[in-house]
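Keep the structure open and follow along.

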Amino acid sequence: HSRDQSMGLYQSINDAFWQSMLDDMNNDSSFEKMIMVFCKLQDDVSQLCNIESNSDLDSSSEIEALASKESFDGEQFLKTSQKMFNALYKLGAQIREEYAMNNFTDLEEQLQSASENPAELTRVATRMLRFLYVLNQLLHADVINSQIRLLASIYTQSENSDKAFKYLESSFWKRQGKGEEHEQNDAEGQERNDDLRQLPKTIDWLHSASATASECAPNPEACDGAKKNPSLPQMRSGRMASLDSPVDTGANSLRNMKGIQRKHREACSCGIIQLMMKDQAVTTETLPEILDMEQERVLGLQNAFQRLLVLSACCLLLHQLIEEKNPPQKVEEQKRSFIQRFKALLLHPETKMSDLGAEISSFVTQHRCNSIATSEESVSNLLNKLLDEESPPYESLKKTISSSLCTVVLSEDVSRSQLEGHIKQLLRRSAAAVLYQEVLETAEAVEDVAAVACKVHKDTLAKIIN
């Protein structure tokens, strides 16, 4: 609750700052805040790299030129923004490149078109500064995350790694109110059945996940025998495809997690995928106790699963709309290029379902891919039906994505080529074979969270699962 209050306070202060800047600029009273934001951004860039040896990252001269103007100069503001964006863009994470470029290009066009309207110009200028500020925050988050991962990697590979995980385990039991008793039992080598009574949600979660992992038994032969081109159900004139065919899952993890028992890793990974499938965001009350410190990461995985669901639905809809006049290979190529645009849209916090429908409709119309009407409204309606939580297609899409993820995390005995063929076979049931790489990346993120849980709670897992 206190965390929510802090976030709310931060958001209120943040909104108030940008509103005060807009008011000042509209009243032509002061541009001091604008210059201060640019200077702060430049200072942050200077701390991350040597700008003296790379003039492309130095916006000082542009900022000075902007500050020397007696009134707001839209043209100089745009030059300064362009230079600052280029610096942040070069230093930022690749995963956000398309999102950053699309948003900056949009704001750049708005600035240019608003040159004759002072009120609109200052409004867009404020949005541009806020966008650059957010990019800077993301850049620093990337740096901090990289530093933490580097230090964690060095530490966990050293002779002190066991001590690190013991410390985390001890901290966990203290949060459960069993710290001293747990340490005493551990020192004396006693059984800890009493400790397990503190973890009812974890026990239920692991038993369910272990059953799921056991049902998805390794079967490399099934991967070799995967059909190359399974047929897709028809969906014409607004009729929904029937996606209720059973999903076959096979085999066991793409990555080898040294020092972790296989059945522990498989159970935790499958359990995390089950959490990702929930339509409601996980909370500390609904998470298993051993994941109490992983709420943010599990929420991130839930978001990744939802993006896969939306992308899968878009693939299915797009496939049905363009396959009529195109050979299969061209259909896949068109979907692959189009999905990249979709991924960028889904990273934007203001993207709505109607925006996705409009993109599909525009693409189909532009390429003259279909003879039936594909208005934005009709396409958006079809997409909404596919993603209706109460609809059979939605459940089938969830089943396809979750089965694909489970197959990856349970694929230790399967070669890379076999795995790729089997995953693509599963994804073809929703015409989403082009999402193979996205499924792999999401599964690896699942395994990262599972690895931490397995190393910190290996004794607890052994007691429950074994």
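Start where two helices touch. Arg265, Glu266, Ser269, Cys270, Ile273 and Met276 in helix 12 meet Ser402, Leu405, Cys406 and Val409 in helix 17. Contact here means heavy atoms within 4.5 Å. By class, this contact of helix 12 with helix 17 has 6 nonpolar, 2 polar and 2 charged residues. Ala, Val, Leu, Ile, Met, Phe, Trp, Tyr, Cys and Pro count as nonpolar; Asp, Glu, Lys and Arg count as charged; the others, Gly among them, count as polar.

This is a predicted model: local features need pLDDT of at least 70, side-chain atom pairs count only at pLDDT 80 or more, and totals for chains, interfaces and linings use all residues. Residues are numbered from 1 along each chain as its sequence is written, and side-chain values use heavy atoms, with hydrogens and water left out.

Now the geometry. Two packed helices are described by the angle between their axes and the distance between the axes. Helix 12 spans residues 262–276 and helix 17 spans residues 392–409. They pack at an angle of about 165°, with their axes 10 Å apart. That makes helix 12 roughly antiparallel to helix 17. Angles over 145 degrees count as roughly antiparallel. Axes are lines fitted to C-alpha atoms, for helices over the stretch in contact, and angles run from 0 to 180 degrees between N-to-C directions. Helices are DSSP runs (H or I, at least four residues), numbered from the N terminus. Helix 12 passes helix 17 in a right-handed crossing; the near helix is turned clockwise from the far one by less than a right angle.

Turn to the charges. Side chains of opposite charge can pair when their charged atoms come close. The structure holds 8 salt bridges, each a side-chain nitrogen of Lys or Arg within 4 Å of a carboxyl oxygen of Asp or Glu.

One of them joins Glu62 and Lys83, at 3.4 Å from N to O. Glu62 lies in helix 3 (residues 60–67) and Lys83 in helix 4 (residues 74–91), so the pair ties together parts that are 21 residues apart in sequence. Glu62 and Lys83 are both buried. Buried means under 20% relative accessible area, exposed over 50%, and partly exposed in between (1.4 Å probe, protein chains only).

Lys424 pairs with Glu420, the closest N and O atoms being 2.8 Å apart. Both lie in helix 18 (residues 416–427), 4 residues apart, about one turn of the helix. Lys424 is partly exposed at 24%, and Glu420 is partly exposed at 28%.

Notes: Angles under 35 degrees count as roughly parallel, over 145 as roughly antiparallel, 65 to 115 as roughly perpendicular and the rest as oblique.
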